[in-house]
Amino acid sequence: MNSQKKGLGAWGIILLVMLYTGVLIIAPILALIFGAFSEGLAPAIKTLGSSIFLDALWLSLKIALLVVAVQTLLGTIVAWIIVRHDFRGKAFLKSLVDVPFAMSPVVVGYMLLLLFGRNGFLAPIIEPLGIKVAFATPGIFLATLFVSLPFMIKEMIPVIENLDRKQEYAAETLGASSWTIFWRVIFPQLRTALIYGMTLTFARALGEFGAVLVIGGGIQGRTETTTMYIFRSLDERHFVEAYSAAILLGSFSVMIVLIADSIKRREEKHQSQEEAVERL
Amino acid sequence: MKSYRSFLFIFITLIFCLTACSSGETSQSEDEVKLILGAYTTPREAYGEIIPLFQEYWLDKTGQRVIFEESYLGSGAQSRAVVEGFEADIVALSLEADVNRIQNAGLITHDWKAGEDKGIITTSIVTFAVREGNPKNIRDWTDLAQPGLEILTPNPNTSGGAMWNILAVYGAAQRGQIEGVPADSPEAAEEFLKQVLSNVSVMDKAARDSILNFEKGIGDLAITYENEILVGKSSGQTYERIIPTSTILIENPIAIIDASVDKHGTRDLAEAFLDFLYTDQAQEIYAQHGLRVVNAQVAADYEEDYPPVEDLFTVDYFGGWDQIMGEIFGEDGVYNRAILQVQRGE
């Protein structure tokens, strides 16, 4: 079969697919960009330099990076345990991991309030210790941690399942310590999935709105994240502020996705080169 | 591999920076004090102008810099946030019932309505926003019952402020101010409320959402507060304000949260800020942002922007908020009965 010659039908479908994804993703982004610069460059730049916005952006980035760090470490461990160990309640744990996908973020925020609010179940413990969770950064961190939990684990499980255990045994036979086995044999195979999981977690954490609004209260300069800033600006008819903030937030996510993609592509290229060498 | 290492390196460095930076919490120094304001969304622009004036005033008076932490949520949401542990020193809310909730939680222990203005800082009235030129020729409440009209009003179950709209219709009807509705007949008033509700096409979760949707071209009319219309118009919107013959006076309370100010040691500061909000200077700023004010001098100065209402009534007409929350917005209250019947198509 000649793959060069495509029928009209095939071209039609390709065109349709291009239109569908193109219009769905690019059109709103373009609208956003036009909106942001509708009054010229100056108001957009002024917004991005305002201290309330910078505080919000700083908080969002701080939370997102911390969440990624925790999820990378703990997510990998959870995935590892789920794949490599058999224990009572494993099936339950596996479905538990999916819960944050299914739950509305607003509900997540309220659940945390029920735990950490002034009348919350944990209030008698945390109050004497002087720890503030609700309406403070720790609450926002916990909420974000909750909603972004599945990404890393879901990304790692299939990869760990597909690991070739023969390589591990071989390394062990050759006298490698378990530390060496992890870093030299297992880790290189997890790398791509790890980067992908980190990317998704980061994007999700940066974009979270409902849960962090409920638990954080949207206090300007303290618990207001970038998404809350955008929402509030729209409410106040400060459209340029909202659009410019949205563009900046969006470009962070896009940048991260692009970096992850390029790393992934490089890895794949590297791999296929190795395979080619092996075949020779 | 190399790129991965550098990625990891950058990432770890960032984490270190972040933890290092965030550990240096700003400590309160002698010449710096902090005040936390929890407010509903409407007057945010006004506070944006008043706060710098107060900061200047306080600096002149005491030499201290006041750092403000502000949060603007829906009135009900803000009130619940304070009850759940948001330690605002002062709350400025849309309706008294939301302050009462905080008081009932034991966080306000003084009589916040003891002052001359009974704890009310600004007022407004329930009005209609209609399209430019008033194409549907809407003059008064009667016109809202005409078949086929599309009305926007927020949902009283989610928007504390939306209750004002329902109270305005129901009250005007009971007071015999609506053509064809006999006075002092709860049945007839409820029937009229039903007619209006059956014309409601969109029920948003908050007053601001409602007017923003109206701006997007949805509906013929929005029942909304006067200040929403005035703020919208000042940002270039072309809709018009219609003041009905009879409407309710919206009273926005403000209160100091005893539990918070005692904990933060900010009572004097909070009281000074509260007093400042009643000065001509501050009240004028409210007036410039669409709100009717309690300061008589300033109210007189802005008379032209705020025409008087022929038959203006307050929540006292219904016997106060406790009555209202039971009889009108309770589970078997007037509102729920009416909306259920409308939804069932009766």
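Residues are numbered from 1 along each chain as its sequence is written, and chains are lettered from A in the order in which they are written. Because the model is predicted, local features need pLDDT of at least 70 and side-chain atom pairs count only at pLDDT 80 or more, while totals for chains, interfaces and linings use all residues.

**Exercise 1. Describe the make-up of chain A and the confidence in it.**

Step 1: Count the elements, which are DSSP runs numbered from the N terminus, with helices (H or I) of at least four residues and strands (E) of at least two. Chain A has 14 helices and zero strands.

Step 2: Turn to confidence, given as pLDDT, the predictor's score for each residue from 0 to 100. Chain A averages 88, and 97% of its residues score at least 70. Helix 14 (residues 239-279) of chain A has the lowest mean, 82, whereas helix 8 of chain A has the highest, 95.

Step 3: Look at extent and burial.

**Exercise 2. Examine helix 9 of chain A and find what covers its buried residues.**

Step 1: Helix 9 (residues 149-161) of chain A has 13 residues and reaches 19 Å from its first C-alpha to its last, close to the expected 18 Å, a span defined as 1.5 Å times one less than the number of residues.

Step 2: Among the buried residues of helix 9 of chain A are A:Leu149, A:Phe151, A:Ile153 and A:Glu155.

Step 3: The cover over these buried residues includes helix 3 (51-84), helix 5 (99-102), helix 8 (137-147) and helix 11 (178-207) of chain A.

**Exercise 3. Work out how the two domains of chain B meet.**

Step 1: Chain B is divided into domain 1 (32-122 + 251-304) and domain 2 (124-249 + 309-344), with bounds that come from an automatic or database domain assignment. The C-alpha centres of domain 1 and domain 2 of chain B lie 27 Å apart.

Step 2: Their contact, which requires C-beta atoms placed from the backbone to lie within 7 Å, takes 17 residues from domain 1 of chain B and 15 residues from domain 2 of chain B.

Step 3: On the side of domain 1 of chain B that touches domain 2 of chain B, the largest share, four residues, comes from helix 4 of chain B.

**Exercise 4. Characterise the contact between chain A and chain B.**

Step 1: The contact takes 21 residues from chain B and 22 residues from chain A.

Step 2: Helix 1 (2-23), strand 2 (65-73) and helix 3 (75-83) of chain B each supply at least two residues of the chain B side, and helix 1 of chain B gives the largest share, seven residues.

Step 3: By class, the side of chain B that touches chain A has 10 nonpolar, six polar and five charged residues, where Ala, Val, Leu, Ile, Met, Phe, Trp, Tyr, Cys and Pro count as nonpolar, Asp, Glu, Lys and Arg as charged, and the others, Gly among them, as polar.

Methods:
A residue is buried if 20 or more other C-beta atoms lie within 10 Å of its own, exposed if 12 or fewer, and partly exposed in between; C-beta atoms are placed from the backbone.
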